[in-house]
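Subject: Structure for your review

Dear colleague,

Please find below the sequence and structure that I am handing over to you. My notes on the findings follow.

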Amino acid sequence: MSILNESLSGRIAAPYGPPGTPLARDMLRPQDGRSYVAGHRSPALQYVTIPQLLRQTVARFGPRDAAVFVAQGVRLSWYDLDRRVDQLAAGFLALGLGRGDRVGIWAPNRLEWLLTQFATARIGAVLVNINPAYQRAELEHALSLSGCSALVLARGFKTSDYLGMLHDLAPELAQAQPGRLVSARLPQLRAVVVTDDDPGPGAMSFAALEALAGPAQLLRLAAIDTTLNPDDAINIQFTSGTTGAPKGATLSHYNIVNNAAFVTDRMRLTETDRLCIPVPLYHCFGMVMGVMGCVTKGAAMVFPGEGFEAEATLDAVAAERCTALYGVPTMFSGLLAAQSARPRDLACLRTGIMAGAPCPVEVMERVIAEMHMSEVTICYGMTETSPVSFQSFTDDPVAERCATVGRVHPHLEVKIVGADGAILPVGQAGELCTRGYSVMKGYWDDPARTAASIRDGWMMTGDLATLDEQGFCRIVGRVKDMIIRGGENIYPREIEEFLFRHPQVDQAQVFGIPDPVLGEIVCAWIVPAPGTAPTEEALRAFCQGQIAHFKVPKHIRIVPEFPATVTGKPQKHIMRARMQAMLEG
Ligand code: AMP
């Protein structure tokens, strides 16, 4: 325990030294003109489990706010959270679950999600995050691949009837005893827990699970704690490539605890901060950078609602006096529009993170100017690296803070390689590879795809990036997205940034489609700014004489919105397919 105390209190006391220490930042430059950077070696990595970290925070900051769920009307102190987590963890034990068992969670941002996250970790069970947008086949794949023996689910969300879909997959539920399901299609699934008071046949309510345990299970918790290992798998998250079924990226306590700490270190978050988390909990952005990030500092988490809504998010920031706010770029675009339409007092805000997809410079500049987020940072990462590997410092010059994803995180190495795997000179675009503590354990039960993605410890991200002399990184596209038109390499990001300067463009996505003559040609999809109606001709004219002719999109379509994942990542492969169909049809 003393080692734990020392390492945790040490890092809280002195995360980075005073901001702007030039020597420290100098160390993050590439050496010898090669696109290779290594992060600081301090503060030290923490070799602890999630429950150990939570208990430290409870001990330090017990009566302060831990979590506020605005839409649910719930407010918990760290003491409250700790008690509820222990009660639920004991309930899982009473269900017969233990270390290594997989527990699915299929719900939007609700208190039950948070409790399940910590309660599973408390007994060493592996939390399996199921995307709230999944439908029947995806649910079946997720539960089967990971072999979940329990599933905690909301009755439904938006237009999805979760419980109905589960009954379709496991009709045996209608006759089952709660906790004793035997299903042909989901043979591993035993227990179904619904996050409301009317679970229906075969399932148990969340409240019943919380009340299930007696003193025997509660007393076992302390002993279980000593058996857990920071390297144990603790979380599975599904990541989709553009082909193949989703893969289960498997993360350990060690992966998550350390990344969460470094992310919030760089924002200079402390126990006096209050972080607004409108991003989904099922993704690393919510559960690692948000939830675990707050636990590492004792900061309060504020969840505005079950899913993202701009109005509710701004209201929560103002009412809860949040000092930090997370979002993907499209969320920030929505927040800026909502704030212009009905300004709130956002003077409480200081910092936050924009991440998850390319962050347009103009949106960053407006977030700094109009939302008081003078210390906003950009993060870059992926689920497989727990997730963050690059982040700006809060005091990086605004130009770098808006146009790059910042500099490498502590204890990580990053290199940019060409198609032959060799490190490229500084400034050249190639595939970004990350190595270090944050690289996942692997894809669950899929050694072949794990081996294809991690080579010599390096996670091959599939992202195209450049490093500059200072060590700032720019993400210029996906390896597979790079357009090669008549032999010219074209990075969609550059054209998107340019189109974005047009006052009638709210969002822009650029991609290539096959062309018999040139190999590929450039296409753009545009979401217009509210109340405007840009034309294809006007946008093309805007490009003429400003960007090289081969970069000017040959086909432009104005669309109301992009096909996107729940986290707001635009899906270019879908746009590409639709565009080809439109042109052929
Ligand atoms: P996910 O695993 O869902 O977090 O998705 C990771 C992918 O999101 C990365 O491989 C990048 O393609 C993209 N991404 C994340 N952050 C950024 C960023 N700041 N700029 C550009 N792309 C990003």
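In these notes, a residue is called buried when its relative accessible area is under 20%, exposed when it is over 50%, and partly exposed in between, using a 1.4 Å probe and protein chains only. This is a predicted model, in which local features need pLDDT of at least 70 and side-chain atom pairs count only at pLDDT 80 or more, while totals for chains, interfaces and linings use all residues. Residues are numbered from 1 along each chain as its sequence is written, and side-chain values use heavy atoms, with hydrogens and water left out.

Two buried residues

At 2% relative accessibility, Thr404 counts as buried. Thr404 is located in the loop between α15 (398-403) and β17 (407-408); helices (H or I, at least four residues) and strands (E, at least two) are DSSP runs, numbered from the N terminus. The Thr404 side chain reaches the backbone oxygen of Glu400 at 2.7 Å and the backbone nitrogen of Gly406 at 3.0 Å. Neighbours within four places in sequence aside, Thr404 is in contact (heavy atoms within 4.5 Å) with Ile378, Phe472, Cys473 and Arg474.

Glu112, in helix α5 (residues 111-123), also counts as buried, at 11% relative accessibility. Its side chain makes a polar contact with the side chain of Gln72 (3.4 Å) and another with the side chain of Arg110 (3.0 Å). A polar contact here is a pair of N or O atoms within 3.5 Å; within protein, one must be able to donate a hydrogen and the other to accept it, and residues adjacent in sequence count only if both atoms are side-chain atoms. Residues up to four places away in sequence not counted, Glu112 touches Gln72, Ile105, Thr195 and Phe206.

An open sheet of 9 strands runs in the order β3-β2-β12-β11-β13-β14-β15-β16-β17, with mixed pairing; two strands pair if DSSP finds at least two bridges between them. β3 (74-77) and β17 stand at the edges with a single partner strand each, so one side of each has no neighbour in the sheet. Strands β2 (residues 65-69) and β12 (residues 300-303) run parallel and are joined by 3 bridges, and Phe69 has Phe303 in β12 as its bridge partner. Helix α5 lies across β2, β3 and β12, at about 140° to β2; axes are lines fitted to C-alpha atoms, for helices over the stretch in contact, and angles run from 0 to 180 degrees between N-to-C directions. Helix α14 (residues 361-370) lies across β14 (351-355) and β15 (375-381), at about 145° to β15.

The sheet of 8 strands

A further open sheet has 8 strands in the order β8-β7-β6-β4-β5-β9-β10-β20, and its pairing is mixed. Its edge strands, β8 (204-205) and β20 (442-443), each pair on one side only. Strand β6 (residues 148-153) runs parallel to β7 (residues 191-194), with 4 bridges between them, and Val152 stands opposite Val193 in β7.

Helix α7 (residues 162-169) lies across β4 (102-106), β6 and β7, at about 150° to β6. In α7, 6 of the 8 residues are buried, namely Tyr162, Leu163, Gly164, Met165, Leu166 and Leu169. The cover over these residues includes β4, α6 (136-146), β6 and β7.

Helix α10 (residues 253-266) lies across β9 (233-239) and β10 (247-252), at about 75° to β10. α10 also packs against helix α11 (residues 284-297) at an angle of about 80°, with their axes 8 Å apart. The two helices are therefore roughly perpendicular, a term that covers angles of 65 to 115 degrees. Among the residues making the contact are Ile256 and Val263 of α10 and Met287 and Met292 of α11.

Which residues of α17 are buried? They are Pro492, Arg493, Ile495, Glu496, Glu497, Phe498, Leu499 and Phe500. With 8 of its 9 residues buried, helix α17 (residues 492-500) is largely enclosed by the rest of the structure.

Strands β26 (residues 505-515) and β27 (residues 519-528) pair in the antiparallel sense over 10 bridges and form a hairpin with 3 residues between them. Val510 stands opposite Ala524 in β27. β27 also pairs with β28 (residues 555-558), in the parallel sense over 4 bridges, where His555 is the bridge partner of Cys523. β27 is mostly covered, as 7 of its 10 residues are buried.

Yours sincerely

How values were computed:
Angles under 35 degrees count as roughly parallel, over 145 as roughly antiparallel, 65 to 115 as roughly perpendicular and the rest as oblique.
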